[in-house]
Amino acid sequence: MNRQRISWLMDMDGVIVREDHLVPGADAFVARLVETNHPFLILTNNSIYTTRDLAARLARLGLDVTPDRIWTSALATAKFLDEQRPDGSAFVIGEAGLTTALYQAGYTLVETDPDYVVLGETRTYSFERISKGIQLIARGARFIATNPDPTGPSPAGPLPATGSVAALISAATGVQPYYIGKPNPLMIRSALRQIDAHSESTVMIGDRMDTDIVAGIEAGLHTVLVLTGISDAAEIERYPFRPDEVLDSVADLLSDDPIEAEEVDIL
């Protein structure tokens, strides 16, 4: 990447944090971005939590970022729906991160005749609300899902997540959802607009080939795969696309000259 002012998008889990611990060097990397006033956002497909919740979680782990430095699939979903149908209505299967984002976008949360059924992640999916969503979609409500992730982690093992429940609803209705979160490059583009960044001068750092890297490529970003999360070096060869760079972790971005305030010459 040429010397120029660079903006940064980075996934949260697997890049900044892993298993409730900061990735070594992640705090120094983010602190350098703050110090040098480089635009950046930390991204997550998880729609459960508000940005304030996530900022508090990161603070407990030792990383101080303000809520406006975080971009979630819930925020991207609310932004998309506001652009498509301003002041619309939605029946929501999800938690505070999603309902708060929709409310702040001017959406009315309803139980009957919604413009959209919006599915997000929740700790406990309600059979009653899933059934209600199926009935509303069958009556003509549009189907939106925050992200396609089929499972989420838990101490006991994988739990069904948005993608799995979306598949259940699709099987019952014959209607496929429109997914907003990664790998849809729409989420990347909405994040770029949020920090007034351009794709040609933005780096996407991720730990997954099938979400972070492909979304970055399709949005026209310089992509960096770090090996602190899901994907490993051997897995790269299984895909028909490749990241621009592969690093052990974000700490490697600090291994050369310090990031300067107005221009950077790394990667």
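1. L119 stands opposite A145 in β9. The strands involved are β8 (residues 116-119) and β9 (residues 142-145), which run parallel and are joined by four bridges. Strands here are DSSP runs of E with at least two residues, helices are runs of H or I with at least four, and both are numbered from the N terminus. Two strands count as paired if DSSP finds at least two bridges between them.

2. A word on the model. It is predicted, so local features need pLDDT of at least 70 and side-chain atom pairs count only at pLDDT 80 or more, while totals for chains, interfaces and linings use all residues. Residues are numbered from 1 along each chain as its sequence is written, and side-chain values use heavy atoms, with hydrogens and water left out.

3. The sheet is open and has five strands. Their order is β7-β6-β8-β9-β12, with parallel pairing. β7 (108-109) and β12 (178-179) stand at the edges; each has a single partner strand, so one side of each lacks a neighbour in the sheet.

4. Two helices pack on this sheet. Helix α3 (residues 73-84) touches β8, β9 and β12, and its direction makes about 170° with that of β8. Helix α4 (residues 96-104) touches β6 (89-93), β7 and β8, and its direction makes about 170° with that of β6. Contact means heavy atoms within 4.5 Å. Axes are lines fitted to C-alpha atoms, for helices over the stretch in contact, and angles run from 0 to 180 degrees between N-to-C directions.

5. Helix α7 (residues 185-194) is largely enclosed by the rest of the structure, because seven of its 10 residues are buried. Among them are L186, M187 and I188. Buried means under 20% relative accessible area, exposed over 50%, and partly exposed in between (1.4 Å probe, protein chains only).

6. Look at both ends of α7. N184 caps the N-terminal end: a side-chain oxygen lies 2.9 Å from the backbone nitrogen of L186. Just after α7, D196 takes a positive phi of about 55°. In the loop between β12 and α7 sits P183. A cis peptide bond joins K182 and P183, with omega about 15°.

7. Most residues other than glycine have a negative phi, and most peptide bonds are trans. D87, in the loop between α3 and β6, has a positive phi of about 55°. D87 is exposed, at 64% relative accessibility. D113, in the loop between β7 and β8, has a positive phi of about 50°. D113 is exposed too, at 69%.

8. S7 lies in strand β1 (residues 7-11). S7 is buried, with a relative accessible area of 7%.

Methods: Polar contact = N/O pair within 3.5 Å; in protein donor to acceptor, adjacent residues only side chain to side chain.
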